[in-house]
Amino acid sequence: YSFLLQYCALGSVSQAGMELIAVAVVGSLLAITVAAQELFSSILLLGGVSALCGGLLSYSGLLCRFYECCRDNETVNLTGLQHDLQQNVYGQHLATSMILKALKAHTQTKHPNKPLVMSFHGWTGNGKTFISQIIAKNLYAQGVQSRFLHQFDATLHFSHAVHLPLYKEQLQNWIQGNISICPSSLFIFAEMDHMPHGLIDAVAPFLQHQKALKGVSYGKAIFIFISNVGGDRINEKMLEAWKRNRTREEIQLKDLEPVLASTVFKNTDSGFWHSDLIQRNLVDYYIPFLPMERQHVTECIKAELHSHGYNQHPAIIQQIVSELIDFPPEEKIYSSRGCKTVASKVSLHY
């Protein structure tokens, strides 16, 4: 059965290929000395495979039960996305609100002429990677295991600046080839602050407003860039607001987005340093991830305890919180590591 499915999935096979397959199957059947009637039936089955495949593949739902397919009407599960963001993300009202709106607008546009491009910024442990995984989970049936999700880590995949020309060529070929297969592909670039300068410009041609490039339409694709650059500026703005007695929820995107765009463009530690993506306004949204306060870290700890079935002892929770809330050194309002080390802290106490 697996052979039949694989054969059908291949589509057309040459006559010579058919003959080779027939010889291989007949030879195998003879080798195991099957009964004459069974042999005759097997050969008839092989002869009918080509005719059957056309019928099977016409019912794409059947094949897609065994093999992940890219559907033309692929869209994000907005209800599931909203639920996951509300239940599992803490202290990021700006990020969750903007991401939900951006994905809704993009995926509900029938023929977008530009990919959705979002850049996530903030200190480590504030949920940037976590939310990108939630998006993938609600975009594809296979979630983060989907073959249409493409994740790049600058420290792993682009670690040697001397190979910049090769990286550019490989990256462009990868994007073009995979969007040709599935227009609604998702590309996530992590550790942008370690990206070799100039590499990300290789992506620029695919992010512009256009109906198609070399016969391929890129409008349904989604690109997410993840970086710690800009986190310091976000935290400065948050601290200023705290000193003025402004609540966290009063902070708006307009207070932070212009600062982020300028910072990532000018910062020499940024993969966006003097990038065409910034100069040509190809990034649709700069999403700030705010530093986590005591109540947000507490929620992370409770969620971690719940996932392991541990009892939620208030004294232990407060002990872990006190170990993580460390910025600024005097006031100790925020966690400089967010929830990144919560799991390891919990393991020390249980």
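Q: What makes up the secondary structure of this chain?

A: The chain has 15 helices and 8 strands. Those are DSSP runs numbered from the N terminus: H or I over at least four residues for helices, E over at least two for strands. This is a predicted model, where local features need pLDDT of at least 70 and side-chain atom pairs count only at pLDDT 80 or more, while totals for chains, interfaces and linings use all residues. Residues are numbered from 1 along each chain as its sequence is written, and side-chain values use heavy atoms, with hydrogens and water left out.

Q: Why is Lys 345 called buried?

A: Buried means under 20% relative accessible area, exposed over 50% and partly exposed in between (1.4 Å probe, protein chains only). Lys 345 has a relative accessible area of 18%, so Lys 345 counts as buried. You'll find Lys 345 in helix α15 (residues 342-349).

Q: Which residues is Lys 345 in contact with, leaving aside neighbours within four places in sequence?

A: Ile 320, Glu 323, Leu 324 and Arg 337. Contact here means heavy atoms within 4.5 Å.

Q: Why is Ser 132 called buried?

A: Ser 132 has 0% relative accessibility, so Ser 132 counts as buried. Ser 132 lies in helix α7 (residues 128-139) and touches Phe 120, Ile 188, Ile 224 and Ile 226, not counting residues up to four places away in sequence. Ser 132 and Leu 186 are 54 residues apart in sequence and 9.8 Å apart in space, C-alpha to C-alpha.

Q: How do you know that the span of helix α11 agrees with its number of residues?

A: The expected span is 1.5 Å times one less than the number of residues. For the 14 residues of α11 (residues 253-266) that should give 20 Å, and the end C-alpha atoms are 20 Å apart, so the two agree.

Q: Which residues of α11 are buried, and what covers them?

A: The buried ones are Leu 253, Leu 256, Val 259, Leu 260, Thr 263, Val 264 and Phe 265. Their cover includes α6 (93-107), β1 (116-121), α10 (231-243), α12 (276-279) and β5 (285-288). As for direction, α11 lies across β1 and β5, at about 110° to β5. Axes are lines fitted to C-alpha atoms, for helices over the stretch in contact, and angles run from 0 to 180 degrees between N-to-C directions.

Q: What makes β1 and β4 a pair?

A: Two strands pair if DSSP finds at least two bridges between them. β1 and β4 (residues 222-227) run parallel and are joined by 6 bridges, so they pair under the rule of at least two. In β4, Ser 227 is the bridge partner of His 121, and Ile 226 is that of Phe 120.

Q: How many bridges join β1 to β5?

A: There are 4, and the strands run parallel. His 121 stands opposite Pro 288 in β5.

Q: Why are β2 and β5 edge strands?

A: The open sheet has 5 strands in the order β2-β3-β4-β1-β5, with parallel pairing. β2 (149-153) and β5 each have a single partner strand, so one side of each is left without a neighbour in the sheet. Neighbouring strands here are turned by 15° against each other on average, direction ignored.

Q: What makes β1 mostly covered?

A: 6 of its 6 residues are buried. Leu 116, Met 118 and Phe 120 point one way from β1, and Val 117, Ser 119 and His 121 the other way.

Q: Why do β6 and β7 stand at the edges?

A: Another open sheet has 3 strands in the order β6-β8-β7, with antiparallel pairing. β6 (292-293) and β7 (325-327) each have a single partner strand, so one side of each lacks a neighbour in the sheet.
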